[in-house]
Each structure stands twice: as structure tokens, then as C-alpha cells.
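Keep the structure open while reading.

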Amino acid sequence: MNNNALFLKELALLVSEKLSDYVAESQKGAGKVLVQRPASELAEILNLDKWVKNGGMNPETASEFLNAYLKNTQHLHHPNYIGHQVCAPHVASGIADFIHGIVNNPMAIYEMGPAAAVIEKFLINWMLDKIGWFKGTSLGDFGIIQGNGGGVLTHGGSLANLTALLAARAKADPESWDNGVDPRLVVLAPEEAHYSIARSVSIMGMGSKAIVPVPVTKNKVMIPDELPALYKQIQDQGKKVMALSASACATATGLYDPLDEIGHFCQENGIWYHVDGAHGASALLSDKYSHLLKGIQRADSVIWDAHKLLRTSALAAAVLFKDHKTLDSIFQQKGSYLFYEKEVAGFDTMAYTVECTKTGIGTKLFWVLAVAGEKGMATYIDSVYENTMQFYETIQKHPDFECPYIPESNILCFKYTKYHQENNAYQLAIRNRLILEGNFYITSTELNGVRYLRIVVLNDLTGISNIEALLNEICRIGEELQLTFQ
Ligand SMILES: *Cc1c(COP(=O)(O)O)cnc(C)c1O
């Protein structure tokens, strides 16, 4: 074995040992979820100055660094991590990251990583199939299939949303790529749509005012019955609808828009229907919860994150289209050294992505599926959704808490109501104190101007005892802080 190979073997052994301990300890709920040190102190603890200037880390000296590094992570495997929508990944996903880091195959051109490219294409077919857009006979059909959907994996849902909206723009205004955007184009979306929708519209040069908010309920769920009047009003103003974007589910609340009714409306009126399923499309795998996505096949484009509910490490997302021909319309530019007519095997996806160099994203999801299986994934989704409902019942029953709505997914908002009911800053102060103490990690959000605490249950080890302990801590902190908020 040469020096490089031996180095890899020894370092990998050390790392895998440290990581196994890390996961085991985290899953037991030992220690803090998060310890936030000041940045400069942390740079010293990690010895950054020495390592960056002098190098020399090796399997003997890496141990100390790894200890410090792992101690100063956000512990997503800890059952008290119920914060942002990033999963405690299935550890198999990390194996894919490791392999990629060594083989480094940016597979958006087939010849730069045939195995990873095939895995991506296969998983795209798998996802299309879950939506009802796969028309081949086996998921290994990679040729052009009449009426088939299409798609690519991207580094995250934000890029996926941008890609989907670019496709919608190409349909509404095919000249826009060369001539710039028709100023009459607008996008219909709930005001609470994920910020990447508004950001995409601005990136595309349409200006954020091109977003027309659609009517929603008090829980911010789209009201399909109000769409015809809004549509007529927009047309009367001489504007053109480029796309309508629905959320499945909404980031803040975890509530699903009624996809089927909205889809009917879009199809009747020839409107590009985009479903942002970054968080909640994974419920398609569940017999119990797939009804939440009823009508998703009416969409023209769907995005779906694997790093939220498919137990995959970040980043791994898909942008999917009902019609595979859409892919050719999105980016109309050619880079001749890459996009020449091919005479060799395989397929290149580079023409369809914002990214030029792209990692073998699909391998991460592949490893999770290969170990857990589709059934295992469905069981996982069922359990985090079911657990969240159970947590809702516990929180709602507690005299000092209230929830603004019944959850549909694994996202839940609630509020400590014993003191200062109307004071958003008080609610936020409780959250900040809680995460500073580090035993729990939760987020917060505003709904109708009211600040709520928010949890996202992505770890199936998070149980009712964790939630009861959380409520106790909030009550204690609430008592401690209430006097300073008179
Ligand atoms: C998380 C999220 C996104 C953004 O996805 P990233 O992968 O974080 O870029 C988009 N839309 C919704 C509804 C989301 O929940």
C-alpha cells in the first residue's frame, strides 16, 4: 500500500470510530444539543491558525482536532434537536459523502462519473414514478419514453425552485432567454411561500413585485375558490400569469395546500402549476399520508428535497417535470465544449442545471434506500408525522401552551401563554434562552403577526418524554424571564 492509501485507511478508521461514538452518544441524548462559543474562541480551540499555516495533520494528530470539532457541532442526531428542516441523516448517507470525497466524480457529464450518473437517472425515474409521471416499464429505462416526465437532482431546493420557475418562464415567454423578461409576467404564490420562490423571481429579473399573493386562510393555506376572481383581476390589469406555486407543505406551518383543487384551476386555465414539495413531497412514500399530496400529478413541475424527509445528508434535491421535453427549454444556451452532439454512451445532465460541476448527489439517497429500503423510509415518515400529532395533543392539553392549528406533517407551532400573551419579544426571548442553555434546539416563526415557537420532528428517536422535558424547560424559563417583561 502506498503512503496515500495507508493514510486514507488509518484516517478513515479513526474518523469512523469517532463518528460512531458521536452518533451513539447523540442518539442517547447525552450532552448538549448545541454549545455556541464565540467564533474567535472556537477558532482557537480548533487550532485553525496552526493547522492552516503549517499543515501536518495525520492519523495520530487528527484525534484532538476531531474531538474539538465534533463537540462544537449542532447535534442533529440528538433527540432534542427539533429545529430546522434538516434531518438527522441515515448514517449510510454519510458513506456516500465519504466515497464522493475520494473518487470526486462530478457526474453531470456522463463520462465524468458513469456510475453516479446512472444512479441519479434511476432515482429521478423513481421519484417520477412516485408522482405518477414515469411511463416506462422499468426504472432502468433511460431512453426517450413517450409521455415520460423528466428531472435532475440539484444542490438544494432553492436551486430546484429557480430551475422550475425558469422552465415556467420559457413556456410563458420563450423569447425571454434572449430578450429579457416580459414585464407583464406575474407569479401567483402564497405570501408565506418559501423565500426561495420570491428570490428566484428577483434573480430572474422580474422584480419581487411580480409576485401576486394568493388568498389564504388564517393558517396560511391557499383558498382555491378565490383563485378565479384573482385571476380575472390580474387579466383585467393586462398581466400574464407565468406560474402558480403551491406549497406541499408550507415551511412555517407544515400545512399542505389543497393541491388537487388548485391543479384543476391551473389546468382549466392553462397556468403552469408548480408544487414546492421540498419538505413534504416525501409523504408520497407513505400509504397513510400520501393523500396529503392528492392531485400532485396535475402539476407541471415539482421540487422535492431528500435532505429533509428522506434521511439524506445535505444537499440533495430534485426538480421534476411532468414532460421530459421541458428540460431542453430551461437553459437555452450552449457551451460547445460540453454540449456537443454525443456519439458515445450515456447522458449528460449538465445542460439542465444551474450548477456546472455537480457532485454525485444521487449516491447519497441511493445509500439510504439501499440500506433502509422504501418500506423503511415509509415507516420513518409515518412515525415522525404520527409523533408530531401526539406531541400536538400533549402541548394542546397543557394549560400554559396553545397551538394555532392541528399539524398535518412533522412541523408544529405553539406558544407559551402563561404570561405576556401578546408579547412577541417574550416568546422569542424564551427561545433564545432555551438554545443558549443548549439542552434543546427549536426555532420560531411568525403567523399573522404573532410569534410562535416551532419544532420540526425529523428524528424518530424524539419521543414524548423529550417533549415533556421541553415544556418543563420552557415553563421554567418563562417564569424566570416574565419579570423582566413587565
Ligand atoms: C426548505 C424549503 C425550500 C428550500 O430548500 P433548500 O434545500 O433549503 O434550498 C424550499 N421550499 C420549501 C417549502 C422548503 O421547506
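## The ligand shell

Fifteen is the size of the shell: of the 15 residues around the ligand, Gly157, Ser158, Asp276, Asp305 and Lys308 come nearest. The model is a predicted one. By class, the shell holds two nonpolar, ten polar and three charged residues.

For Ser158, a polar side-chain atom lies 2.7 Å from an oxygen atom of the ligand. For Lys308, an N or O atom of the side chain is 3.0 Å from a ligand oxygen. For Gln85, the distance from a polar side-chain atom to an oxygen atom of the ligand is 3.1 Å. On its own the ligand has 380 Å² of accessible area, and the protein covers 88% of it. The most come from α7, with three residues.

## Asp305

Asp305 is among the residues that come nearest to the ligand. Asp305 sits in strand β6 (residues 301-305). Is Asp305 buried or exposed? Its relative accessibility is 2%, so Asp305 counts as buried; the cut-off is under 20%.

The Asp305 side chain makes a polar contact of 3.3 Å with the side chain of Lys308. Lys308 also has a side-chain N or O atom 3.0 Å from an oxygen atom of the ligand. Leaving aside residues up to four places away in sequence, Asp305 touches Gly156, Gly157, Gly277, Ala278, Ser282, Ala316 and Ala317.

## Aromatic pairs

The model has 14 aromatic pairs. One of them is Tyr110 with Phe347: the ring centres are 5.2 Å apart and the planes stand at 70°, so the pair is edge-to-face, a class that needs over 60 degrees. This pair links distant parts of the chain, 237 residues apart. Tyr110 is in the loop between α5 (91-103) and α6 (114-131), and Phe347 is in the loop between α13 (327-330) and α14 (361-397). Both Tyr110 and Phe347 are buried.

There is also an aromatic cluster. It is formed by Phe401, Phe414, Tyr416, Tyr419, Tyr426 and Phe485.

## The loop between β9 and α15

Lys418 is in the loop between β9 (411-416) and α15 (424-437). With 41% relative accessibility, Lys418 counts as partly exposed. Which residues does Lys418 touch, not counting those up to four places away in sequence? They are Asp400 and Glu479. With Glu479, the side chain of Lys418 forms a polar contact of 2.9 Å. Cys475 is 57 residues from Lys418 along the chain, yet their C-alpha atoms are separated by 8.5 Å.

His420 lies in the loop between β9 and α15 too. His420 is not a glycine, but its phi is positive, at about 45°.

## Backbone details

Asn448 also has a positive phi, near 50°, in a residue other than glycine. Asn448 is in the loop between β10 (443-447) and β11 (450-456). Its relative accessible area is 48%, so Asn448 is partly exposed.

Cis peptide bonds come next. One joins Ala248 and Cys249, with omega about 0°. Cys249 is in the loop between β4 (240-247) and α11 (259-269). Another cis bond runs from Ala314 to Leu315, with omega near -5°. Leu315 has its place in the loop between α12 and β7 (317-321).

Technical notes
Residues numbered from 1 in each chain as written. Predicted model: local features only at pLDDT ≥ 70, side-chain atom pairs only at ≥ 80, totals over all residues. Heavy atoms only, no water. Helix = DSSP H or I, 4+ residues; strand = E, 2+ residues; numbered from the N terminus. Buried < 20%, exposed > 50% of the residue type's maximum accessible area, 1.4 Å probe, protein only. Contact = heavy atoms within 4.5 Å. Polar contact = N/O pair within 3.5 Å; in protein donor to acceptor, adjacent residues only side chain to side chain. Near = heavy atom within 4 Å. Areas by Shrake-Rupley, 256 points an atom, 1.4 Å probe, with all protein chains shown as cover. Nonpolar A, V, L, I, M, F, W, Y, C, P; charged D, E, K, R; others polar. Phe/Tyr/Trp six-rings, centres within 6.5 Å; stacked < 30°, edge-to-face > 60°.
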